[in-house]
Amino acid sequence: MADLAALAAHTHDLAADAGRLARDLEAMAHQLGNQAALAGGAAGGPSFVYELTVFVLAVFVGYHVVWRVTPALHSPLMSVTNAISSVIIVGALIAAGPAGFGFAKLMGFVAVTLAAVNIFGGFIVTQRMLQMFQRKK
């Protein structure tokens, strides 16, 4: 009997400690949330102008990189592009997969369609480029 009473008292102490830890954890989470809100509110997160600037710079860099590719490197570049598009199509299928109709599903469908066109068009262009390097019969 004495062991049961001691065990019950010990269990009660452990439950009280668990309650205190839970309250401390909740207070810390609340404080962390307040700090994150203050930091995000002060910085405002990335603004639309910032994101648009990054997008426009990426378009210019991509344009200049692609147009400076020599014909000999075109086939390997197309192969890498096809590999990237095949990874994109997997992500687009995941986005288009949820039940119901919404903006994400619509954009997933558009992404699947555009990635499929890119993949098949890339294979066609690669095939034509490889035919250019074959000897005439």
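**Contacts, core and surface**

Guide: Among contacts (heavy atoms within 4.5 Å) between residues at least 6 apart in the sequence of the protein chain, 62% join residues at least 24 apart. This is a predicted model, in which local features need pLDDT of at least 70 and side-chain atom pairs count only at pLDDT 80 or more, while totals for chains, interfaces and linings use all residues. Residues are numbered from 1 along each chain as its sequence is written, and side-chain values use heavy atoms, with hydrogens and water left out.

Visitor: How many helices and strands does the protein chain have?
Guide: The protein chain has four helices and zero strands, taken from DSSP runs (helices H or I, at least four residues; strands E, at least two; numbered from the N terminus).

Visitor: Which residues make up the largest nonpolar core?
Guide: Six residues do: Ile89, Ala92, Val112, Ala115, Ala116 and Ile119. Such a core is a set of buried (under 20% relative accessible area, 1.4 Å probe, protein chains only) Ala, Val, Leu, Ile, Met, Phe, Trp, Tyr and Cys residues joined through side-chain atoms within 4.5 Å. Helices α3 (71-96) and α4 (103-132) each supply at least two of its residues, and α4 gives the largest share, four.

Visitor: What does Ala92 touch?
Guide: Leaving aside residues up to four places away in sequence, Ala92 touches Gly108, Ala111 and Val112.

Visitor: Changing topic, is Phe48 buried or exposed?
Guide: Phe48, in helix α2 (residues 48-67), has a relative accessible area of 61%, so Phe48 counts as exposed, the cut-off being over 50%.
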